[in-house]
Amino acid sequence: MKLIYATSFSGSAGTAHRMQVLSMAQAFYRLLGGKFYLGAGDIGESVKIQIINLGGKNTRVLAWRYLKFSQAKQISHIYCREPKLLLFIALFNLLWFRQKIKFIYEVHTIPIGVRSISLINRLLTFFISKYVFVTEHLAKRYAKRYNIFSSDQNKIVIAHDGVNLDIFDLNISPTEARTKLDLPIERKVIGYTGRFKTMEMEKGISDILKSLRNLPTEVLFLAVGGKKKHRDEYLKQAQQLGVEGKVNLIEHFSQDIVALYQKACDILLMPFPYTEHYAYYMSPLKMFEYMASQRPIIASDLPSVREILNESNAILIPPDNPTALAEAITHLLAHPAIGEKLAAQAYRDVQNYTWDKRAGRIIEAIV
């Protein structure tokens, strides 16, 4: 098997999408060696994998160049999570190249209200050898919408996202981490890491700020990873709520620094609001990073979250409920032994969700 991961990446940016793809590309390369390539429009990442820069941003041009490269290198599998790019590759192959290639589509959402994207997904059903879904709920809903089950249930692979344990499993105490980061040692730190918003969608920070009104002054909310405009927005909201003294909003950092900030926290928070996307489609990278950090987790009780978290490894609360969030935080701060037990179980559970294990399961399914 020779596999290329097809992307339209151009430049360098620290989005969750890019980090997820690069993490998987590195895992594929560790397992397949020289039989794996990461393709891009033009990417400057310094990672130890074979990156093929095909040039240009035009999807049709990229698709044609992917097939020319695949023909020259005798690629057997093209893996992609961009439906438009994958459709052009498949169509051009059907019309001109006629190569015996298996197309694997990693699905992260169901298009809502965008007819062109929905049509692309429907056309892809004629070409896809395997679908890789990041949650079971997404797989069921997508398969029902595009009638995949009626043709071949074996086309479906469930592969939740993962984590690099080497980055987030740091042997350091909260006090040591706070000393390195110049954070107050005497306060109770509740943390959130990652983008503050995704496509301008709220991710729960407003609920965290509201919950602070019901928490003592010793509690500090530490959020790491927001764009300046979002940090300014939430700082203004904190001021309006009268909790600005309990808030520290910090810019985006590399994963190794984020891991250190997570270690500095007493509790890690993931209070996603209830939307169709969060409830059924997401497989958030921060969830696995939190589990690897060995810190207790409080998360929204959503179907997608419950595929990984449960009462044995986290505290689950109703979404969109700042009062319940404050009560859960208070409970964990008052009973640290409970938090330690939950964190220990989460750490045991996350051993099954490394990028290498994910890549291994996918390779086994698509060969």
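Two strands are taken to pair if DSSP finds at least two bridges between them, and strands (E, at least two residues) and helices (H or I, at least four) are DSSP runs numbered from the N terminus. The structure described here is a predicted model, in which local features need pLDDT of at least 70 and side-chain atom pairs count only at pLDDT 80 or more, whereas totals for chains, interfaces and linings use all residues. Residues are numbered from 1 along each chain as its sequence is written, and side-chain values use heavy atoms, with hydrogens and water left out.

Under this criterion, seven strands form an open sheet with parallel pairing, in the order S3-S2-S1-S4-S5-S6-S7. Strand S3 (51-53) and strand S7 (156-158) each have a single partner strand and stand at the edges, so one side of each is left without a neighbour in the sheet. On average, neighbouring strands of this sheet are turned by 25 degrees against each other, direction ignored; the axes are lines fitted to C-alpha atoms, for helices over the stretch in contact, and angles run from 0 to 180 degrees between N-to-C directions. Strand S2 (residues 36-40) pairs with S3 in the parallel sense over three bridges, and Ala40 has Asn53 in S3 as its bridge partner.

An open sheet of six strands, also with parallel pairing, has the order S12-S11-S8-S13-S14-S15. Its edges are formed by strand S12 (247-250) and strand S15 (315-317), each with a single partner strand, so one side of each is left without a neighbour in the sheet. Here neighbouring strands are turned by 20 degrees against each other on average, direction ignored. Strand S8 (residues 188-193) and strand S13 (residues 267-270) pair in the parallel sense over two bridges, with Ile190 standing opposite Ile267 in S13.

A nonpolar core is a set of buried Ala, Val, Leu, Ile, Met, Phe, Trp, Tyr and Cys residues joined through side-chain atoms within 4.5 Å, where buried means under 20% relative accessible area, exposed over 50% and partly exposed in between (1.4 Å probe, protein chains only). The largest such core has 109 residues, and those with the most contacts inside it are Phe221, Ile298 and Leu309. Helix H3 (residues 83-97) supplies the largest share of this core, seven residues. A second, separate core of 26 residues includes Val21, Met24, Phe36 and Ile43.

Across the whole structure, 20 aromatic pairs are found; rings of Phe, Tyr and Trp (its six-membered ring) pair if their centres lie within 6.5 Å, and planes under 30 degrees apart count as stacked, over 60 as edge-to-face and the rest as tilted. The rings of Trp64 and Trp96, with centres 5.7 Å apart and planes at 65 degrees, are edge-to-face. This pair links distant parts of the chain, since Trp64 lies in helix H2 (residues 59-73) and Trp96 in helix H3, 32 residues apart. Trp64 is partly exposed at 36% relative accessibility, whereas Trp96 is exposed at 52%. The rings of Phe253 and Tyr261, by contrast, have their centres 5.8 Å apart and their planes at 25 degrees, so the pair is stacked; Phe253 is partly exposed at 26%, and Tyr261 is buried at 8%.
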